Amino acid sequence: MLAAIARRRVATGITAKTLRSVSTWGAVPQGPPDPILGITEAFKADKDPRKINLGVGAYRDEHGKPYVLQTVKKAEEAVASQGVDKEYLPITGLAEFTARAALLAYGAESEPLTKGAVAITQSISGTGALRIGGEFLARHYPHSKVIYVPTPTWGNHIPLFRDSGLEVRHYRYFDKQNVALDFEGLKSDLLSAPEGAIVLLHACAHNPTGIDPTPEQWEALSHIVKEKKLFPFFDMAYQGFASGDIARDAFALRHFVAQGHQVALAQSFAKNMGLYGERTGAFSVTTADPEEKARVDSQLKIIIRPMYSNPPSHGARIASAILGDQALYTQWESEVKGMADRIISMREKIYNILTHDLKTPGEWGHIKTQIGMFSYTGLNPEQTQALAQKAHVYMTKDGRISMAGLNAGNVEYFAASVDAVVRGTL
Amino acid sequence: MSPAYLTPVPLPTELWQQVPLEPPDNIFELTAAYKVDPFAKKVNLGVGAYRDDDNKPWVLPVVRKATARLLNDDTLDHEYLPILGLPEYTTAAAKLILGSESPAISEGRAVSVQTISGTGANHLGALFLSRFYGFNGPAKVYLSNPTWVNHHAIFRNVGIEPVDYAYYDPKTIGLDFTGFLDALRKAPDRSVFLLHACAHNPTGVDPTPKQWDAIGDVILEKKLFAFFDCAYQGFASGDMDLDAWAVRRFVDRGVPLLVCQSFAKNAGLYGERVGALHVVLSDKKTADWARSQLSVLQRSEIGNPPSHGARLVSLILNDPELFTEWKRDIETMAGRIIDMRKELYQLLTEVYKTPGKWDHILNQIGMFSFTGLNGEQCRAMVEWAHIYMAGNGRISMAGLNSHSVEYVAESLDKVVRGRQSVMTSDV
């Protein structure tokens, strides 16, 4: 029995070193600290007025403050004035929300959508969608229990899929040398994956690199995925937030579906609606027809009910109100574009300062070509540590920065710090 | 690249062909049937949510107040909560159930996690046990017979096998106390027992304080683990502290335990999913370990919990005025239910003089009541009287109101007497 527990622990990354069988909790080892949280804590403790937090994965406005979208405020007031009750939502959530979320992602012309063949459930934001998806695939996907994730990927993907019961493998993605997409490596790894394996694809604004395939590269990937009969599982946490254009950011997803792939999709409204803490998201699967959709739907409920019964209503009502009202929707589109544009302008600014003003050694084009909230600067762990300790500029060890943390007030200082650390003069 | 592969191909159908259709929940079906029933006097006694005297969902006045405050607070944003939840909320929630003077809290031995309501707390607690508890043999949990329908699925889902313990005696329509103690004694040492803190769902039958102490004696003797589920604090008797008595008593006695807490019913916040898991450990060091591991488990499933409901409850718990108002609102709900119990009892015993004993309707506690009706009688209630209730005899007292209680009593009486054939079209 203890051996079984030990096996489970090893599988989930916990060593059996500290097994103490006598006390109730004798076997509880210390959990690993969360790397992102550590940065925020160090940042909070730092008294230097020039400090910058580039670890945070949440949008900040030009004053470095959290941004509550006007449309969200309006929608919240509208929902409150409607006097909705607090009753339980169905297991799969607010139906009008999930219908509108599906429309947003797949597009009105999408065949599975128009056929009524998209099984969809509201989820606890993107994390919850991935977790339900992982669990659903582990239980019902007939061809494989293996999921391929890019190297690197969002840190939480790995424990999340492992806990779902899938085996996690990796495909090459980031070319460190050139700070670019390792497209040849990517293609090669997918071509040598076992037939029928699941492949996790970041729909847009790859986290953490900010490097996305081009439309042509997506088309080539579609071909390979089809050839190897791989199952595409899209993680779309930044629709609208990446390029500023809702449809453009959904290109990869919509292209695959139009090409006849059956897909799964995890959707988040954390960033594009700024609803982070309200945990608003959806998980969907495209199926063959309404009958199949009903069966898949029933199994999603079986997964959800013993985990949390039904999802929280507040965020879903806000999102649904925005997506369902023409005026609010239009205003939302422009607010999302505003956020995306501010980030794009910060990218341009940094590139210009480093390349033209400071003439910092190295090639910095990737900062401009990368997309979305994050950027892989290309800085190494020693450099990122120096930046934290000497310049009070905080980012994750891998050189990832959240562009949202930059603004007109700190971008010059940031660029100067990067310049100094690259030159070794920090 | 050749454009040949750009030609769309028909959707393949071999992916989800084998996915079976799972039948919907019984209660869900019951409610669905109720909704489409055109019968004018229909009554829904299956609902597990409070209803006011007009059979409407009731948003607590204190919740309306708290909601308005949040809406008008311009300093609020929608940022992520910490992984373990809103600190002001979890701290206050712990004090509410464990007591503000609890040694578990003052000694830093209690770990509190904000969860997706009671289900989320049960799931996280079960998951935590499945990973770290030193089970004596294969992982099992002892669940009362009967218990909340979802308990079985929650534990099975994390690889813990549910086993029944004797709880309800259909002959007395009360607690099978001897059977309960027997099950505790016979279970292997260190077994995990799920206990309903108050207002047992679905029977409404709770142990008395004396019985709780006897239960506690055996639990301590056999080093059993108490997995408390508390979904009705304040809602059972109308008194917060009274309803928390068993949990606090066990903490004082040093029983290893955790408690799942829900604000779905007592704050009427069902759909906002506000709950918490409190794990009481033996010392601060172990508590810190447990906290770090719970954090890891939470992160890989939901990331961090939903903000809105927790903010509402935090406001209510931490503002003395709102807290007092909340207690009043709870008394309103608990009070109405107790009135309905009295009404129904009076109608059955004094007006209709229905055969059998009906004391249990008065003595049972909380939202539900096990009427004592058998399966056939329950079916008759649904099919003949259009009174929707669970097949095990459970009725939701919240579904009773001044407009429906007479009809329910009359129908119960007829069904018990076997005269349901008289009921059909004359109403």
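# A tour of chains A and B

Begin by selecting residues 50-417 of chain A, a span that is 47% helix and 15% strand and whose end C-alpha atoms lie 11 Å apart; helices (H or I, at least four residues) and strands (E, at least two) are DSSP runs, numbered from the N terminus. The UniProt annotation "domain: Aminotransferase class I/classII large", from an unreviewed entry, covers these residues 50-417 of chain A; UniProt positions are given in the numbering used here, feature names are shortened, and annotations may be inferred rather than shown by experiment.

Before going further, keep in mind that this is a predicted model, in which local features need pLDDT of at least 70 and side-chain atom pairs count only at pLDDT 80 or more, while totals for chains, interfaces and linings use all residues. Residues are numbered from 1 along each chain as its sequence is written, chains are lettered from A and ligands numbered from 1 in the order in which they are written, and side-chain values use heavy atoms, with hydrogens and water left out.

**Chain A as a whole**

Taken along the principal axes, the C-alpha atoms of chain A fill a box of roughly 65 × 60 × 50 Å.

**The sheet of chain A**

Next, colour the seven strands of chain A that form an open sheet with mixed pairing, in the order E2-E10-E9-E8-E7-E3-E4; two strands pair if DSSP finds at least two bridges between them. Strand E2 (118-124) and strand E4 (167-172) of chain A stand at the edges with a single partner strand each, so one side of each is left without a neighbour in the sheet. From one strand to the next the twist averages 25 degrees, where axes are lines fitted to C-alpha atoms, for helices over the stretch in contact, and angles run from 0 to 180 degrees between N-to-C directions.

Within this sheet, select strand E3 (residues 146-151) and strand E7 (residues 198-202) of chain A, which pair in the parallel sense over two bridges, and look for A:Tyr148, which stands opposite A:Val199 in E7(A).

**Two loops of chain A**

Follow the chain to the loop between E7 and helix H9 (215-227) of chain A, the place of A:Pro208. The peptide bond from A:Asn207 to A:Pro208 is cis, with omega near 20 degrees. Moving on to the loop between H9 and E8 of chain A, you will find A:Lys229, a residue other than glycine whose phi is positive, near 55 degrees.

**Over to chain B**

Select chain B, whose secondary structure comes to 16 helices and 13 strands. The radius of gyration of chain B is 23 Å, close to the 22 Å that the globule rule gives for 427 residues, so chain B is as compact as a globular protein of that length. In chain B the annotation "domain: Aminotransferase class I/classII large" in UniProt (unreviewed entry) covers residues 41-412.

Chain B has an open sheet of seven strands, with mixed pairing and the order E2-E10-E9-E8-E7-E3-E4. Its edge strands are strand E2 (110-116) and strand E4 (161-166) of chain B, each of which pairs on one side only. Select E2(B) together with strand E10 (residues 274-280) of chain B: the two run antiparallel and are joined by seven bridges, and the bridge partner of B:Val111 is B:Val279 in E10(B). Helix H11 (residues 284-299) of chain B packs on the sheet, touching E2 and E10 of chain B, and its direction makes about 15 degrees with that of E2(B).

**Last stops**

Select helix H5 (residues 117-132) and helix H6 (residues 149-157) of chain B, which pack at an angle of about 35 degrees with their axes 9 Å apart. Show the side chains where they meet, including B:Thr119 and B:His123 in H5(B) and B:Ile154 and B:Phe155 in H6(B). Finally, centre on B:Asn201 and B:Pro202, which a cis peptide bond joins, with omega about 15 degrees; B:Pro202 is found in the loop between strand E7 (192-196) and helix H8 (209-221) of chain B.

How values were computed. Contact = heavy atoms within 4.5 Å. Rg over C-alpha atoms; globule rule 2.2 N^0.38 Å.
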